[in-house]
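Please open the model in your viewer and keep the selection tool at hand. We will go stop by stop.

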Amino acid sequence: MSTPLTDSGNDKQSGGSVFGIALRAGVLFIVLCGIAYPLVSTGLAQLLFPSQANGSLLKDKGGNVVGSELIGQNFTNLSYFQGRVSSIEYKAEASGTNNYAPSNPDLLARTKASIEQWQKDNPDVPLAQLPLALVTNSGSGLDPDITPQSALVQIPRISKLTGISAQELEALVDEHTQNRDLGVFGDKRINVLKLNLALSELKK
């Protein structure tokens, strides 16, 4: 008489044991990864880097949030410094830009329009001094910074509209110029929103 190769009772017990282990492991990882880790990382971020954790928000003298230092924005008032062109209007939820080739007709038309607008708004600055960065998109369309040269060429316009001397504005630009990261990475840059907040104080 042959004997069964397996014991069905043991199989059921083994299957139940495996299911129980899987269930307990699932609950454990839900608690660790879904609850404990987010709470700990959020708590540490709020403790060690509160400004960055909350979006690097900038406020005016009245304590009102005016934007984030990480995301550019449109400044329609010509008495303020202007940032880079953004084909997405600086919408953070739509980060990116059209990947047009240099010969693309839409890109050429948009760039031409930007140059014409620049000449209209800055008649005292020769076109040859216009930095390319002021009429081109960044890769994300959200760039909050401009180069020092991009700020300096806007001084004649701002000085005329505000009555603030060019020397004062140049000092303001110099004060807000950030050096390369670790002295070697990237380029010198200026956060446009921070610069304009400081400019607002000069206007008073």
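**Stop 1: a hairpin**

Select E1 and E2, which form a hairpin with five residues between them. In the turn, Gly 63 has a positive phi of about 85 degrees. Strands (E, at least two residues) and helices (H or I, at least four) are DSSP runs, numbered from the N terminus. This is a predicted model: local features need pLDDT of at least 70, side-chain atom pairs count only at pLDDT 80 or more, and totals for chains, interfaces and linings use all residues. Residues are numbered from 1 along each chain as its sequence is written, and side-chain values use heavy atoms, with hydrogens and water left out.

Strand E1 covers residues 57-59, and three bridges join E1 to E2. The two strands run antiparallel. Strands count as paired if DSSP finds at least two bridges between them. Now click Leu 57: Ser 68 in E2 stands opposite.

**Stop 2: an open sheet**

Next, select E3, E5 and E4. They make an open sheet of three strands in the order E3-E5-E4, with antiparallel pairing. Which strands are at the edge? E3 and E4 (177-178) are, as each pairs on one side only. Two bridges join E4 to E5 (residues 189-191). Look for Thr 177, which stands opposite Ile 190 in E5.

Axes here are lines fitted to C-alpha atoms, for helices over the stretch in contact (heavy atoms within 4.5 Å).

**Stop 3: salt bridges**

Side chains of opposite charge can pair when their charged atoms come close. A salt bridge is a side-chain nitrogen of Lys or Arg within 4 Å of a carboxyl oxygen of Asp or Glu. How many salt bridges does a search of the whole structure find? It finds five.

Start with Glu 69 and Lys 194, whose side chains meet at 3.3 Å, N to O. Glu 69 lies in the loop between E2 (65-68) and H3 (105-121), and Lys 194 in H7 (residues 192-203), so the pair ties together parts that are 125 residues apart in sequence. Glu 69 is partly exposed, at 24% relative accessible area. Buried means under 20%, exposed over 50%, and partly exposed in between (1.4 Å probe, protein chains only).

Move to Asp 143 and Arg 84, a salt bridge of 3.4 Å, N to O. Asp 143 is in the loop between H3 and E3 (145-146), while Arg 84 is in the loop between E2 and H3, 59 residues apart. Is Arg 84 buried or exposed? Arg 84 is buried, at 17%.

Then pick Asp 124 and Lys 160, with their closest N and O atoms 2.7 Å apart. Asp 124 lies in the loop between H3 and E3 and Lys 160 in H5 (residues 155-162), so this pair ties together parts that are 36 residues apart in sequence. Lys 160 is exposed, at 58%.

Finally, select Asp 145, Asp 181 and Arg 189: a network of salt bridges links them.

**Stop 4: a buried arginine**

Go to Arg 157 in H5. Arg 157 is buried yet has no salt bridge. The nearest side chain of opposite charge (Lys and Arg count as positive, Asp and Glu as negative; His and the chain ends are not counted) is Asp 121, 6.2 Å away. What does the side chain of Arg 157 reach at 2.7 Å? It reaches the backbone oxygen of Leu 78. Show the residues that Arg 157 touches, among them Tyr 80, Phe 81 and Trp 118.

Notes: Polar contact = N/O pair within 3.5 Å; in protein donor to acceptor, adjacent residues only side chain to side chain. Lists of a residue's contacts leave out its neighbours within four places in sequence.
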